[in-house]
Amino acid sequence: YKEIDSFPEDFLWGAASAAYQIEGAWNEDGKGPSIWDEFSKIEGKTFEGTNGEVAVDHYHRYKEDISYMKEMGLKAYRFSVAWSRVIPDGEGEINEKGLDFYENLVDELIKNGIEPVLTLYHWDMPQALQDKYGGWESREVIPAFEKYCEALFLRLRDKVKYWVTMNEQNVFTSLGYRWAAHPPAVTDLKRMYAANHVVNLANATAISLFHQLVPKGLIGPSYGYGPIYPLTADPSDVLAAENAEAFNNDWTLDVYCRGTYPKFVMKQLEHLGIAPQVTAEDSRLLTSATPDFLGINYYHGGTVQQNRIEKPENQSSTEKNFSKTDPYLMQPKEEQAMSPEVPMFNGIENPYLEKTKWGWEIDPVGFRVALRRIQSRYDLPVFVTENGLGAIDVLTEDKKIHDDYRIDYLNEHLVEMKKAIADGVEVIGYCAWSFTDLLSWLNGYKKRYGFVYVDRDEHDEKTLERIPKDSFYWYQQVIKENGENL
Ligand code: BG6
């Protein structure tokens, strides 16, 4: 087996974040409320009632955060723009102060030699659009999204080369409309598939506009991908895994990359009466606007077997622990049984894999499998836009964080990514999740991902001091050596 010695010269070693999870300043300088600003204030929705009003105060501390990025030697930084900071009600007046903030951030990154990677939508729909149109369930939101994208393309097209359209469409639609865990907190599959189609149209609209306005830039969506395994070699389990791969992954990725829905899934949804309405004009748009790269967020895959759930079992309820790549497969059996797709496959624990404290399987080899599958199916350059370990970190008395578990996790994943590159997958960059610690949508601050510790918790903003963890210095070395010693 021939491995590569190092990564491509211009490989983008990066780290990532999202506006709601870091910025704070939720109503400053003209920003309008987003659905997360409102949702997180409803009792019982988030861990200990955490919300993003202050988050890690990046809005006021971005220069300090970037100084740590520079010290680390980071080549790329992925962040998202809050739509309601740029257009407070989502569709009306542009808020120049909002645009200024992002331009200043981008200037500061460039000044420090860091390539900005800008995500247009990381789950924070302006509340006004949710109220007026029902958010992604209405096509009225598409021109609003187009206007918002246009404002950013025009302002930043000479400074930002890499753009991400949607972050994990599969995750925000299923958590929002299947599991009622994210806003708008609905449990209705017909509405989920309808909203998903509108997001596809908005994605294609943004890509199409981008290709007109920013011909030198590159754009693509970031998809939460996890490969699906069959539990056994029983052909019925293998078929179940094919079904799950089609429902979970092909369903979104085929539309992004080919502009068509997989026929098998569409037939099943039609049969169940929950298929989205796709017009001839929709199809033309979807096939005409394909991405320049595919962003992949990798945390873990899923394992399935042929249908063995006959009736809901009487299980005691477990803590809701939503997987990021495949919210469907990780649910307790009685909840799976409520899903109409259930005759196709049942999600089950993989007996070979260890898990994190939050029950997410740790599967570095699955990362290589993921990259290879994507390459052979879609043949696009891949940008790994997220990968990381959520863990409880301990700040020692002498202000250190010995996160060797995070170093092990990242190291194992990078080794597998290096092998995938040797296998022939074109990977243009890797953004670890996350740069600083940040607010987890549903898990507060105890589940930490950053290279840089932030001194705060659910109940107390404390000092918000930044403290580099051991993993910070480890990644600094990896970048310096361009991955040679992985
Ligand atoms: C990804 C999201 O799905 O997973 C991030 O894009 C998120 O925004 C990350 O924070 C980790 O999820 P969690 O639930 O552990 O915070």
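**Close-up views of a predicted model**

**View 1. Helix 8 is enclosed.** Nine of the nine residues of helix 8 (residues 169–177) are buried, so helix 8 is largely enclosed by the rest of the structure. Buried means 20 or more other C-beta atoms within 10 Å of the residue's own, with C-beta atoms placed from the backbone. Helices (H or I, at least four residues) and strands (E, at least two) are DSSP runs, numbered from the N terminus. The model is predicted: local features need pLDDT of at least 70, side-chain atom pairs count only at pLDDT 80 or more, and totals for chains, interfaces and linings use all residues. Residues are numbered from 1 along each chain as its sequence is written. The buried set of helix 8 runs Q169, N170, V171, F172, T173, S174, L175, G176 and Y177. Its cover includes strand 4 (162–167), helix 9, strand 5 and helix 10 (235–258).

**View 2. Helix 9 crosses helix 12.** The axes of helix 9 (residues 189–213) and helix 12 (residues 280–288) come within 9 Å and cross at roughly 50°. Axes are lines fitted to C-alpha atoms, for helices over the stretch in contact; angles run from 0 to 180 degrees between N-to-C directions. That makes helix 9 oblique to helix 12. Angles under 35 degrees count as roughly parallel, over 145 as roughly antiparallel, 65 to 115 as roughly perpendicular and the rest as oblique. From helix 9, N200, L201, A204, T205 and S208 meet D282, L285, L286 and S288 of helix 12. Contact means C-beta atoms, placed from the backbone, within 7 Å.

**View 3. Helix 15 packs on helix 16.** Helix 15 (residues 404–423) and helix 16 (residues 470–480) pack at about 30°, with axes 8 Å apart. Helix 15 is therefore roughly parallel to helix 16. D404, R406, I407, L410 and L414 of helix 15 make the contact with D470, S471, W474 and V478 of helix 16.

**View 4. E386 sits in strand 10.** Strand 10 (residues 382–386) holds E386. The UniProt annotation "active site", from an unreviewed entry, covers E386. UniProt positions follow the numbering used here, feature names are shortened, and annotations may be inferred rather than shown by experiment. E386 is buried, with 25 other C-beta atoms within 10 Å. Leaving aside neighbours within four places in sequence, E386 contacts A16, N297, C431 and W433.

**View 5. Y225 lies in a loop.** Y225 is placed between strand 5 (218–224) and strand 6 (228–230). Y225 is buried, with 28 other C-beta atoms within 10 Å. Y225 and L410 are 185 residues apart in sequence and 17 Å apart in space, C-alpha to C-alpha.

Technical notes
Contact = placed C-beta atoms within 7 Å. Buried ≥ 20, exposed ≤ 12 C-beta atoms within 10 Å, placed from the backbone.
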